[in-house]
Amino acid sequence: MKRAAIAAITTISIALPLSSAKAEEFVNVLTGGTSGVYYPLGVALSKIYGDKIGGVRTQVQATKASVENLNLLQQGRGEIAFALGDSVKLAWEGNAEAGFKAPLDKLRGIAAIYPNYIQIMASKESGIATLADFKGKSLSVGAPKSGTELNARAILAAAGMSYEDLGKTEYLPFAESVELMKNRQLDATLQSAGLGVSSFKDLATSLDVTMVSVPEDIATKLGAPYIAATVPAGTYQGQDADVPTVAVVNFLVTHSEVSEETAYQMTKQLFENLPAMAAAHKAAEKIKLEDAIKGMPIPLHPGAERYYKEKGLL
């Protein structure tokens, strides 16, 4: 009996350290609408993290994108998020008009990723070919105070216009905007996304459309983080010529309460698994390690900083 009791005590004492092992860590990946580019890339990133980072459980959350994502990070309701560069900058500054009631001081940078192209598609029958043609027409500018909507405001202002010049302004996510256009209830939609966004692919195969150009002088007026860019011919069905536009770099952002090791692993696994990201969406082909800290509008997370020091970027 004594031996059995000793054996039982020994078994318990060995089992205790195992049961008190570190709890599983949770990584919530904040993306955007399911018809945009953030979502499929977020799904891919979530799988990479779940497979490659020990003790991590992941989840993907569809959101209204940049502005909502940054506010959620500040509240600790996500561990990594996709966001447009101009939104990140305005969040750090606490721009109330852009949807940030106070400076979001917990935000920390992980990486610059790929550029978002401001893409404007109008139905052919609307007769819209230039930005000036939007006067009196209906335009969807993205979800209210989303990164896309901030882009829409900035571009119209640089063209000497505002929402008041439009016949009607709709504040709708990508997929809903496309449905309204298919039903001939909307003249055009502005979407800030990677090239080949599924919503525009769908629209171009369903309706005769025109890609509306954004002249280079608009990019010059806007300045950083906006840059002149081109939507290459053939990106969408029926688009047989290059279309000038502007682009804004996207960033992956975390917050200061995420551990250094987790942020290090999130950065490392992103760059060590780029083929899996590109397989999820071709926009990720533009993600380059050498560009990872270019134009970062907020402080880097110490974990990301450690990775970039290892790689000789810092």
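This is a predicted model: local features need pLDDT of at least 70, side-chain atom pairs count only at pLDDT 80 or more; totals for chains, interfaces and linings use all residues.
1. Two strands count as paired here if DSSP finds at least two bridges between them. Helices (H or I, at least four residues) and strands (E, at least two) are DSSP runs, numbered from the N terminus. With that in hand, look at β1 and strand β3 (residues 80–84): two bridges join them, and they run parallel.

2. Residues are numbered from 1 along each chain as its sequence is written, and side-chain values use heavy atoms, with hydrogens and water left out.

3. Back to β1 (residues 25–30), which also pairs with strand β2 (residues 56–61): six bridges join the two, again in parallel. E25 has V56 as its bridge partner in β2, and V29 has V60. To get from β1 to β2 the chain passes through helix α2 (residues 38–52), and this β-α-β crossover is right-handed (with the strands pointing away from the viewer, the path from the first strand over the helix to the second runs clockwise).

4. Now the helices. The axes of α4 (residues 85–93) and α5 (residues 147–158) come within 9 Å and cross at roughly 95°, the axes being lines fitted to C-alpha atoms over the stretch in contact, with angles from 0 to 180 degrees between N-to-C directions. The two are therefore roughly perpendicular (65 to 115 degrees; under 35 is roughly parallel, over 145 roughly antiparallel and the rest oblique). D86, S87 and L90 of α4 meet G147, L150 and N151 of α5, contact meaning heavy atoms within 4.5 Å. By class that's two nonpolar, three polar and one charged residues (Ala, Val, Leu, Ile, Met, Phe, Trp, Tyr, Cys and Pro are nonpolar, Asp, Glu, Lys and Arg charged, and the others, Gly among them, polar).

5. For α6 (residues 174–182) and α7, the axes also come within 9 Å but cross at roughly 10°, which makes α6 roughly parallel to α7. F174, V178, E179, M181 and K182 of α6 make the contact with S199, D202, L203 and S206 of α7. Sorted by class, these are four nonpolar, two polar and three charged residues.

6. Finally, there are seven aromatic pairs in the structure (rings of Phe, Tyr and Trp, the last by its six-membered ring, with centres within 6.5 Å; planes under 30 degrees apart are stacked, over 60 edge-to-face and the rest tilted). F200 and Y236 have ring centres 5.8 Å apart and planes at 80°, so they are edge-to-face. F200 sits in α7 (residues 198–206) and Y236 in the loop between β9 (226–231) and β10 (243–255), so this pair links parts of the chain 36 residues apart.
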